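Hi there,

Here is the structure I promised to pass on to you. Have a look at it first, and then read on for what turned up in it.

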Amino acid sequence: MLKLILLSILGVAGLALPLTLILTAKEKPKIPGVLLGAAFYLTANLFLNVFKNAWSLNLDTPTSTVFYLITAVLTWTLTAALFFRRFRPASLGRISLIYGGYALINTFVVTMASYSPLIQYGLLEVSGQTAQLPAASAAILSAAYASLGPLELILALIELVVVFLILAQLFRRLFADDSVKRLAEFGLGLFLLMVIQYGKWGMLVSFIAYGMELAGLLTLGKQKKLKP
């Protein structure tokens, strides 16, 4: 039951984080900024999927993983340049709405896509109704559900929050000014984040790296404050 509760909290957190950002933003109207952020995510992801299919990108070997990460970062950075090339330094409220729209998909949809089947399986297991699932699906879900422990889910929740905060700071750097430097900083920060996420560094090393990147971005953010 504890496992099911933690899985549900993960799903709720994936929605609560971007919604809180959007609802607390002082910028009005809210919808255009949210839609812009969502459109940015969908467009960049569409381009990346095209490249993945065209070039058969995968994560099978260290070399292919590095090539995939470089392609992904260049795709996201160039899409950001396409979407936000005319943007002047923005208010924090405006940035919150754009990032909130982005995060509604990146954080909530992706999180639910990963954990929704496990949450559904957990509900069926608690109610003793797993027999209604096809045998093959039940076996896969049962193995995946059994492999997750409470500590692992708690760490996944912490990672969700930390990654959300890192991306929020990257978006602040993206709108810090209208120079090319902001795009380079955004791309570099995104590359470091993806190296941490896709590398097999171990939980301790990964969290130390997350903390170092977040601390560095917060330090950079203090150099140029934006109006609320």
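Helix H1 covers residues 2-24, which makes 23 residues. From its first C-alpha to its last it reaches 31 Å, close to the 33 Å expected at 1.5 Å a residue. Please keep in mind that this is a predicted model.

Which residues of H1 are buried? They are Lys3, Leu4, Leu6, Leu7, Leu10, Gly11, Ala13, Gly14, Pro18 and Ile22.

In soluble globular proteins, nonpolar side chains tend to be buried together. In this model, the largest nonpolar core has 39 residues, and the members that touch the most others are Trp76, Phe84, Tyr99, Tyr102, Ile166, Leu167 and Phe171. At least two residues of this core come from each of helix H2 (31-55), helix H3 (62-84), helix H4 (92-126), helix H6 (150-174), helix H7 (180-198) and helix H8 (203-223). H6 provides the largest share, nine residues.

What does Leu167 touch, leaving out residues up to four places away in sequence? Its contacts are Tyr99, Tyr102, Asn106, Leu190 and Leu193. There is also a second, separate core of 15 residues, with Leu6, Leu7, Leu118 and Ala156 among them.

The largest pocket has a volume of about 1,000 Å³. It is lined by 41 residues, and Asn106, Val110, Val163, Gln197 and Tyr198 are the closest to its centre. H2, H3, H4, H6, H7 and H8 each give at least two residues to this lining, and H6 gives the most, with nine. Sorted by class, the lining has 27 nonpolar, ten polar and four charged residues.

The second largest pocket has a volume of about 220 Å³. Its lining is made of Leu59, Asp60, Thr61, Pro62, Thr65, Val66, Leu69, Val195, Tyr198, Gly199 and Lys200. H3 and H7 are the elements that give two or more residues to this lining, and the largest share, four residues, comes from H3. Here the classes are six nonpolar, three polar and two charged residues. Look out for Tyr198, which lines the second largest pocket and is also one of the residues closest to the centre of the largest pocket.

Enjoy exploring!

Methods. Residues are numbered from 1 along each chain as its sequence is written. This is a predicted model: local features need pLDDT of at least 70, side-chain atom pairs count only at pLDDT 80 or more; totals for chains, interfaces and linings use all residues. Side-chain values use heavy atoms; hydrogens and water are left out. A nonpolar core is a set of buried Ala, Val, Leu, Ile, Met, Phe, Trp, Tyr and Cys residues joined through side-chain atoms within 4.5 Å. Buried means under 20% relative accessible area, exposed over 50%, partly exposed in between (1.4 Å probe, protein chains only). Contact means heavy atoms within 4.5 Å. On a 1 Å grid over the protein atoms alone, a cavity is a set of points where a 1.4 Å probe fits but cannot get out, and a pocket is an open set with protein on both sides within 12 Å along at least five of seven lines; lining residues have an atom within 4 Å of a point. Grid points are joined across faces, edges and corners, and a volume is the space filled by probe spheres set on the points. Ala, Val, Leu, Ile, Met, Phe, Trp, Tyr, Cys and Pro count as nonpolar, Asp, Glu, Lys and Arg as charged, and the others, Gly among them, as polar. The expected span of a helix is 1.5 Å times one less than its number of residues.
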